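Morning, everyone. Please bring up the model on your screens. I'll walk you through the ligand site and then the open spaces.

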Amino acid sequence: MGQLICKKCKAAYSLNEPRWKCDCGSVLDIEFEPVFDLEKIAKRKPTMWRYREAIPVQDDANIVSLDEGFTPLTEVDFGGRSVLVKQDQLFPTGSFKDRGASVLISKVKELGIREVVEDSSGNAGCAISAYCAKADIICNIFVPEDTAAGKVAQIQLYGAKLNKVPGTREDTASAVLKAAEKIYYASHYWNPFFLHGTKTFAFEVCEQLGWQSPDTIILPVGNGTLLLGAFIGFNELLNGGIIDKIPKIIAVQSENCAPLYRAFRENLEEIPAIDKKETLAEGIAIAAPIRGKQIVEAVKQSKGDFISVTENEIKEALKEMSKKGYYIEPTSAATIAGIKKYLQKQNLQEVIVSVFTGHGLKTTEKMLTIINAVSIAHRIY
Ligand SMILES: Cc1ncc(COP(=O)(O)O)c(C=O)c1O
Ligand SMILES: [Zn+2]
């Protein structure tokens, strides 16, 4: 029932081998034949595991779940134009990363692995920690020193061992590779089982639209775990004859850290080295995404586009969503700023789907700086 494959050197490995990368050093993907029985799916409880036969975990006994998923697809008004937004900030750990963590940690349990390492800007670390807690697996999380306090607290309370790494997000990624020489790397961006969890985003969207594909999806992209998962999911539905097209993917990056936007716009063969600046969108501040070329290729294949957004646009989008009652992370507000830019030029007939990826309660320090900036502005004017 499927295998791990390397698209670079064409090597193949068993799904039951505890490996997260190819011997040639490249990333692995999963070749797998999903099954969609729509009648069966409709009768199951509203979680992402309703698509059970499309998820590459063999034994039900290994499923590690907190009843996550099937998040609301909510109509949000953008100046008279409605966009359907998946409320993935409502997951148990407060971000969409639970999709990937539930499947990856289920597979980890199936492999009989008792300890994992993971690195993260915060949210993936929270998700992996929570599912390890549920499965009683020892968990070591590496995060940059300046990670949001809310995320750090969450990781520790789930019982994971926290390693704060001085320096940049890239320094954290290097530090974890050393630990991964000895302990299984439950990486959200290296490990393809994570993407076979995030792909349920596509399944849910299509089911919620009456098993139709939207015309366009607008997603944030850092390491691309949601984007690549969604791309896999829509393609599986297309190949299974469930939908008749895949949506155009519009990928949003922060202007202060936009290597993929640049690679796409300048039609570069390689992802360029960039001079990363600080951004409110901490979750997508990834200067050297491991699956970068795969992400650009997916956007191209979908006939999509990249959009970059400024700090001010992120701030405005966050305030606008809060005024509507949606409390989301600044990283998620970057996507909303991307929607606003996209709507300036798109065709009005399109069905557009986007996402709130993370909960605002995770980033109180950043929220306070935004409030303080607003109140200072009010005092001056
Ligand atoms: C809230 C939030 N949104 C979006 C993303 C981007 O996800 P990815 O890096 O998988 O593209 C992240 C990643 O950490 C995140 O935490
Ligand atoms: Zn290889």
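Start with the classes of residue around ligand 1. The shell has eleven polar residues, five nonpolar and two charged. Keep in mind that this is a predicted model.

Who is in that shell? It counts 18 residues. The closest are Asn123, Asn223, Gly224, Thr225 and Thr357.

Take glycine 224 first. One of its backbone N or O atoms sits 2.7 Å from an oxygen atom of ligand 1. Next, threonine 225. Here a side-chain N or O atom is 2.5 Å from an oxygen of the ligand. Then threonine 357. Its side chain places an N or O atom 2.7 Å from a nitrogen atom of ligand 1.

How much of ligand 1 does the protein bury? On its own, the ligand exposes 390 Å², and the protein buries 98% of that.

Which elements give two or more residues to the shell? They are helix 8, residues 225–239, and helix 12, residues 330–343.

The structure holds one cavity of 30 Å³ or more. The largest cavity has a volume of about 270 Å³. And what takes up that space? Ligand 1 does.

Helix 8 and helix 12 come back here, and helix 3, residues 123–135, joins them: each supplies at least two residues of the lining. By class, the cavity lining has 15 polar residues, seven nonpolar and four charged.

Last stop: the largest pocket. Its volume is about 770 Å³. The lining has 31 residues, and the closest to the pocket centre are Lys7, Phe231, Ile232, Gln294 and Gln301.

Several elements give two or more residues to this lining: strand 3 (29–31), helix 6 (192–198), helix 8 and helix 10 (292–301). Which one gives the most? Helix 10, with seven residues.

And the classes in the pocket lining? 14 residues are nonpolar, ten are charged and seven are polar.

One element to take away is helix 8. Helix 8 contributes to the shell around ligand 1, to the lining of the largest cavity and to the lining of the largest pocket.

Notes
Residues are numbered from 1 along each chain as its sequence is written. Chains are lettered from A and ligands numbered from 1 in the order in which they are written. This is a predicted model: local features need pLDDT of at least 70, side-chain atom pairs count only at pLDDT 80 or more; totals for chains, interfaces and linings use all residues. Side-chain values use heavy atoms; hydrogens and water are left out. A residue is near a molecule or strand if one of its heavy atoms lies within 4 Å of it. A polar contact is a pair of N or O atoms within 3.5 Å; within protein, one must be able to donate a hydrogen and the other to accept it, and residues adjacent in sequence count only if both atoms are side-chain atoms. Accessible areas come from the Shrake-Rupley method with a 1.4 Å probe; for residues, only the protein chains shown count as cover. On a 1 Å grid over the protein atoms alone, a cavity is a set of points where a 1.4 Å probe fits but cannot get out, and a pocket is an open set with protein on both sides within 12 Å along at least five of seven lines; lining residues have an atom within 4 Å of a point. A molecule sits in a cavity or pocket if more than half of its atoms lie within 2 Å of its grid points. Helices (H or I, at least four residues) and strands (E, at least two) are DSSP runs, numbered from the N terminus. Ala, Val, Leu, Ile, Met, Phe, Trp, Tyr, Cys and Pro count as nonpolar, Asp, Glu, Lys and Arg as charged, and the others, Gly among them, as polar. Grid points are joined across faces, edges and corners, and a volume is the space filled by probe spheres set on the points.
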